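Visitor: Hi, I'm new to this. Can we go through this structure together, bit by bit?

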Amino acid sequence: MSQIKTQPRLIVEKINTTNKLSVRSVPRHIILIVFSFLFVFPLLWLVSTSLKTDLQVFIVPPELIPKPFVWKNYLDLWTYFPYFQFLKNTVLVVVLSVAGVLVTAPIAAYAFARLRWPGRDFFFLILLGTMMLPSQVTLIPLYLLFSKMGWINTFMPLWVPNWFGGGAFFIFLIRQFLMSIPKDLEESAFIDGAGYTRIYTNIMLPLIHPVLTTVAIFQFMGSWNDFIGPLIYLNDQSKFTLSLGLRIFQQQSSQSQGEIGMMMAATAITVVPVIIFFFLAQRKFIEGVVLTGLKA
Amino acid sequence: MAQSHKKYRLARREAIVGYCFASPWLIGLIVFVLFPVIASLKYSFMDYDILQPARWVGFANYKELFHDNLFWRSLYNTLYFVVFSVPLSIILGLAIALLLNTEINGIAIYRTLYYIPSIVPVVASSILWAWIFDPNFGILTNFVHLFNLPAPGWLSDPFWAKNSLILMSLWGAGSGMIIYLAGLKNIPKSYYEAAEIDGSGTIGKFFNITLPLITPTLFFQLIIGMIGSFQVFTQSYIITGGGPNDSTLFYVLYLYNNAFRFWKMGYASALAWVLFVIIMLLTWINLKLAKRWVTYDQM
């Protein structure tokens, strides 16, 4: 944003690379296709199994494409697996968590990046320190704390902490982004009589939009896929999230043998929302992974 | 005089605003981090099963750890997992990224295909892989039988079970691939052109340019990967429950069992602190070793 790249692109280079296509890249394509098949195959196998009856499941060697396709598992599933209840719970937890992070993480990041207050540098070191702390260290005291507060078997332990800064890593990420915004911007706003809150909401927030998208996506995935949180805090099936619901369904199924097809159907419909989300946000998603993965 | 007074007032206002903006995080820091950290340290010196009041036992929990076979077992299992899973994931991710790092048709499709497995929720992927590893009807066993080879007990053999979970973890190598691919794209083309003029071949270019320039990215992924893998839990909780013969009893699973199955909160807290120390130590060693192989400031 603040840096202007002026790299003259060589036209020769472009011609060279386009010429390289076709014949020379064939072996590369073959390797890539074989490998990508290995990566995609488990998911195809998931769908394939979910479309089989129990009898078809136990055919050796396995049919890769079910003959015939059986939709029965998907039709029967709803009586045993309250998918929409789990989905509703998951969405509730995820939305509250993401909202908490988006509201409170940039505020803290702004304080660290743009404001001078006594102890700021000290607290920033603490912030970095908490990033190294494995969550298992605080797991037990937090469980005891939340049970004293009567929060067991509620969604509160899963989203309330996100309303208090939303995690050191996100604050750090947004702070780095804020640091790159030129000082002149807010100085001229100051001269115009804008206060800190105005500068924050009208100047900073619009500018840090890209990093906030990244943070939202990461928190979304983190909350959506969280397992140990729901496992510890939720007891009633009516409160389960998709991950925990699927786990309990698996436990019940494996006790009564021969429900593999239905279990795979349940797994498949649990994966579907994440895949839809990925395709909707694909570009931002990958940008975010790259942004957070290249450098700390 | 008036000037400095105004300056002082402005600075004080900025400080107050600073604290206000930081306050949600500051409160969270105290309630959800500092207090639990202190409590956890305290519990690690106590005997506490929730039903009876906590009792001070000094270093007894830590002493017990040293004589606890399952502690050593879970530590060994976890180290085994980390030592194989992390480097293999990095190598696989880098290999795919290198294959994709040309002007190749359909790169977006490939990238998506390789990446998708790493977004599958871990509970779902665990249940799926438990079925893939099924000893009779699973696809892996039948695949091995195609070559007239005997299939190992993927999850039933104490030696294989860990390896099977490592194999499963490699399915998520695509997330690293995306990061390496971006790192590779950052390397200026002129470096390669210069090397070509000097007569470097593909292998020479890889070892003299690509690899050194991507070491900072590899290093960061190594650190993140090791910390993450050290906390591996869900896969073994769902697929094997730690078995067979505790061969997949990973550290955090053992910690979880102590805390939430045996309600030994004090002992589990001691385990958590030992985990913290191990992770810090490993990170520190990594940082020390980094000077030997990570190339900084070359771009």
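Visitor: Let's start with Arg114(A). Is it buried or exposed?
Guide: Arg114(A) is buried, because its relative accessible area is 6%. The cut-offs are under 20% for buried and over 50% for exposed, with partly exposed in between (1.4 Å probe, protein chains only).

Visitor: Before we go on, what am I looking at?
Guide: This is a predicted model: local features need pLDDT of at least 70 and side-chain atom pairs count only at pLDDT 80 or more, while totals for chains, interfaces and linings use all residues. Residues are numbered from 1 along each chain as its sequence is written, chains are lettered from A and ligands numbered from 1 in the order in which they are written, and side-chain values use heavy atoms, leaving out hydrogens and water.

Visitor: OK, back to Arg114(A). Which side chain does it meet in a salt bridge?
Guide: Its partner is Glu186(A), at 2.5 Å from N to O. The two sit in distant parts of the chain, 72 residues apart: Arg114(A) in helix 5 (residues 83–114) and Glu186(A) in helix 10 (residues 183–191) of chain A. Helices here are DSSP runs (H or I, at least four residues), while strands are E runs of at least two, and both are numbered from the N terminus. A salt bridge means a side-chain nitrogen of Lys or Arg within 4 Å of a carboxyl oxygen of Asp or Glu.

Visitor: Why would side chains pair like that?
Guide: Opposite charges can pair when the charged atoms come close.

Visitor: And Glu186(A), buried or exposed?
Guide: Glu186(A) counts as buried, since its relative accessibility is 5%.

Visitor: How many salt bridges are there over all chains?
Guide: The structure holds 8. One of them joins Glu64(B) and Lys264(B) at 3.7 Å, N to O. That pair is 200 residues apart, with Glu64(B) in helix 2 (residues 60–67) and Lys264(B) in the loop between helix 12 (251–261) and helix 13 of chain B. Glu64(B) is partly exposed at 38%, and Lys264(B) is partly exposed at 32%.

Visitor: How many cross the interface of chain B and chain A?
Guide: The rule finds 1 there. Glu14(B) and Arg116(A) meet in a salt bridge at 3.3 Å, N to O.

Visitor: How much area is buried between chain B and chain A?
Guide: About 8,300 Å², with carbon and sulfur atoms giving 79%. On the chain B side, Phe21(B), Trp25(B) and Trp131(B) lose the most area to chain A, together 10% of what that side buries. Buried area is the accessible area (1.4 Å probe) that two parts lose on being put together, summed over both. Counted by residue, 92 in chain B are in contact with 96 in chain A, where contact means heavy atoms within 4.5 Å.

Visitor: Which residues does Val60(A) contact, skipping neighbours within four places in sequence?
Guide: Asn136(B), Phe137(B) and Asn142(B). Val60(A) itself is in the loop between helix 3 (54–57) and helix 4 (72–80) of chain A.

Visitor: Switching topic: where is there a cis peptide bond?
Guide: One runs from Lys67(A) to Pro68(A), with omega near -5°. Pro68(A) is in the loop between helix 3 and helix 4 of chain A. Another joins Gly243(B) and Pro244(B), with omega about -10°, and Pro244(B) sits in the loop between helix 11 (234–239) and helix 12 of chain B.

Visitor: What's phi near for Asp246(B)?
Guide: Near 60°, a positive value in a residue other than glycine. Asp246(B) also lies in the loop between helix 11 and helix 12 of chain B. As background, most residues other than glycine have a negative phi, and most peptide bonds are trans.

Visitor: What does UniProt list for chain A?
Guide: Its unreviewed entry lists "transmembrane region" at residues 30–48, 91–113, 122–146, 158–178, 199–221 and 260–281. UniProt positions use the numbering here, feature names are shortened, and annotations may be inferred rather than shown by experiment. In the model, residues 260–281 of chain A are 95% helix and 0% strand, with end C-alpha atoms 32 Å apart. Residues 158–178 of chain A are 62% helix and 0% strand, with end C-alpha atoms 28 Å apart.
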